[in-house]
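Please find below a note on the model under review. The points are numbered so that each can be checked against the coordinates.

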Amino acid sequence: MRQTFLQQLLRTRPLDAPEVIVEGQHGLHRTLGLFALTMIGVGATIGTGIFFTMVEAVPKAGPSVILSFLIAAITAGLTALCYSELSARIPASGSSYSFAYASVGEFGAFIVAACLLLEYGLAGSATAIGWSAYLNNFLENAAGWHIPTMLRSPMIVAGANGVEFHPGQINLPPIVLVIICCFLLLRGAKESAGVNAVMVMVKLAILVFFSVIAFSGFQAEHFTPFFNTDNSKGMAGMAGVTAAAGTVFFSFIGLDTVATAGAEVKDPKRNVPLGIMLALLIVTVFYMLVAVAAVGAQPAAMFEGQEAGLAVILQNVTGKSWPALILSAGAVISVFSVTLVTIYGQTRILYAISKDGLIPPSFQIVNPKTRAPFVNTIFVCLAVGLVAGLVDATLLWDMVSMGTLVAFIVVSAAVPVVRRRHLGVHGEGFRVPFGPYLIPGASILACLYILKDLSAVTYHVFFAWMLVSLAIYLLYSRHHSRLNKN
């Protein structure tokens with residue numbers, strides 16, 4: 001029977017469709033314990049934003065950036081609880097795209113997919129740009145050589161009067177990094193939980209190393225005045241705190257990975273929510289430790305425009321290059337791995353959307369030998385590399401947070417829908433406490449609170465992207481009928 005346009009927008013993926021079955025002979029095995037699960041959450045979160053966002057956030061909030069981290073942590077925690085319930089009740093592969101498709105419908109799922117593409121794509125570009133700064137710092141301290149300015153300066157930058165264009169400039173190292181990631185992904189790169197746990201320990205050790213040395217130069221007067229007093233950009237007081245929360249929220253992206261691993265976890269009813277809370281606690285403690293140490297070691301006014309900020313702080317505190325060398329080396333290694341995984345996630349999201357018939361089928365073509373989606377991977381790496389090489393990271397941080405926050409809102413709204421419609425085959429699994437409205441509602445309000453102080457440029461780019469996504473949806477959705485036929 002032919003569907004109306006409204007019915008098409010609201011149609012959901014059947015829970016018994018082959019794509020969402022996770023148990024049985026061909027399902028995933030429950031092999032992950034609480035420690036491995038917690039390390040997955042910590043590893044997917046730490047290693048990206050904390051190395052870079054202080055430089056972007058402190059000029060907005062001043063020393064009160066500490067409150068920005070708390071607001072971001074609370075928001076991430078509320079949404080992660082919603083992810084826990086959906087992963088327990090809906091036997092999907094675990095992404096918010098799949099959750100939305102099974103609950104709020106096809107159009108909502110496509111909006112989430114567009115947000116995820118924005119999140120993962122720009123996150124890959126932003127981390128590659130940050131990698132460039134720490135690589136340059138490492139080369140200077142290790143060999144006394146630095147990358148020429150013209151080869152590590154973007155063409156499109158955020159100036160005092162808005163977006164500026166500087167023809168002839170290019171940030172080459174991020175492009176090289178993305179090319180290496182593309183090569184590895186085309187060969188079928190993968191990670192194990194054990195390797196991830198080792199990498200997490202290395203990352204945490206680097207942050208502890210920074211904090212110990214930075215605290216040796218701690219000065220309490222750097223926290224006075226606590227709030228930003230410069231209102232020239234409308235960021236004095238709590239407005240600056242909220243704006244900075246939107247920037248540092250990038251540092252908490254990845255906690256939902258714990259929920260998406262629910263199909264491979266032992267005793268998910270206990271371990272998924274506990275793993276989320278433990279990962280959130282560990283991440284928040286380390287972020288707060290780094291934020292307090294960094295602001296205590298350096299006046300807030302010095303953060304703006306600072307490349308490889310944490311490494312520079314160590315160099316200024318000690319007057320020696322070796323602490324900065326160690327931190328830069330750790331950042332180069334950890335950010336490389338995060339960039340690789342981020343691009344990997346982007347390609348798999350496109351693969352899933354293509355399998356559902358909402359974008360061209362070329363995005364699901366895989367190499368018969370490596371089983372990697374090669375057209376998809378090349379397309380993603382081209383896009384990520386171009387943005388990383390041409391655009392200033394300042395223009396990307398808030399865009400990543402914007403896409404993530406909107407996706408989180410849809411996921412939180414899906415919880416009462418799932419409860420009302422009695423969806424899911426794991427009704428005995430984890431449920432958000434205090435009913436289906438309080439915590440999901442608080443999660444939505446917290447996301448909206450952060451969203452309200454993002455820049456006008458961020459909103460303009462986001463809505464332009466949504467219009468492009470809507471056009472793509474309308475173009476290809478007419479081909480999407482097999483889920484209703486199967």
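Predicted model: local features only at pLDDT ≥ 70, side-chain atom pairs only at ≥ 80, totals over all residues.

Where is the place of Phe434?

1. Phe434 is located in the loop that runs between helix H15 (394-421) and helix H16 (438-451). As background, most residues other than glycine have a negative phi, and most peptide bonds are trans.

2. Thr224 and Pro225 are joined by a cis peptide bond, with omega at about -5°. Pro225 belongs to the loop between helix H8 (193-215) and helix H9 (238-248).

3. On overall composition, the protein contains 18 helices and 2 strands. Of its 486 residues, 55% are buried. Among contacts between residues at least 6 apart in sequence, 80% join residues at least 24 apart. The accessible surface comes to about 20,200 Å², and 68% of that surface belongs to carbon and sulfur atoms.

4. How many salt bridges does a search of the whole structure find? The search finds 1. It is formed by Arg419 and Glu85, whose closest N and O atoms are 2.6 Å apart. Arg419 lies in helix H15 and Glu85 in helix H4 (residues 65-89), so the pair ties together parts that are 334 residues apart in sequence. Both Arg419 and Glu85 are buried.

5. Helix H14 (residues 374-390) was examined for length and for the placement of its residues. Its 17 residues, at 1.5 Å a residue, should span 24 Å, and the end C-alpha atoms are 24 Å apart, which agrees. The buried residues of H14 are Asn376, Thr377, Val380, Cys381, Val384, Gly385, Ala388 and Gly389. Seen down the axis of H14, these buried residues fall within an arc of 165°, so they line one face of the helix. An α-helix has 3.6 residues a turn, so residues three or four places apart point the same way. The face of H14 turned away from the buried side carries the exposed residues Leu382 and Leu386. The cover over the buried residues of H14 includes H6, H7 and helix H13 (322-355).

6. Helix H2 (residues 34-45) passes the length check as well: its 12 residues should span 16 Å at 1.5 Å a residue, and its end C-alpha atoms are 17 Å apart, which agrees. Buried in H2 are Leu37, Thr38, Met39, Ile40, Gly41, Val42, Gly43 and Thr45.

7. Is Asn136 buried or exposed? Asn136 sits in helix H6 (residues 106-143), and its relative accessible area is 4%, which means that Asn136 is buried, the cut-off being under 20%. Neighbours within four places in sequence aside, Asn136 is in contact with Trp145, His146, Ile147, Arg152 and Glu307.

8. Ala245, in helix H9, has a relative accessibility of 0% and therefore counts as buried. When neighbours within four places in sequence are left aside, Ala245 is in contact with Ser68, Ile71, Ala72 and Ile450. The C-alpha atoms of Ala245 and Asp453 are separated by 9.0 Å, although the two residues are 208 residues apart along the chain.

9. Ala102 is part of helix H5 (residues 96-103). This residue is buried, with a relative accessible area of 3%. Ala102 and Leu86 are 16 residues apart along the chain, and their C-alpha atoms are separated by 9.9 Å.

10. Which residues form a nonpolar patch on the surface? The patch is made up of Leu151, Leu172, Val176, Ile180, Phe183 and Leu184, which together have about 470 Å² of accessible area. Leu172 is found in helix H7 (residues 172-186). With 37% relative accessibility, Leu172 counts as partly exposed, since that class lies between the 20% limit for buried and the 50% limit for exposed.

Definitions and conventions
Residues numbered from 1 in each chain as written. Heavy atoms only, no water. Helix = DSSP H or I, 4+ residues; strand = E, 2+ residues; numbered from the N terminus. Buried < 20%, exposed > 50% of the residue type's maximum accessible area, 1.4 Å probe, protein only. Contact = heavy atoms within 4.5 Å. Patch = residues over 30% accessible without salt bridge, like charges linked within 9 Å, V, L, I, M, F, W, Y side chains within 5 Å. Areas by Shrake-Rupley, 256 points an atom, 1.4 Å probe, with all protein chains shown as cover. Salt bridge = Lys/Arg side-chain N within 4 Å of Asp/Glu carboxyl O. Expected span 1.5 Å × (residues − 1). Arc of directions from axis to C-beta.
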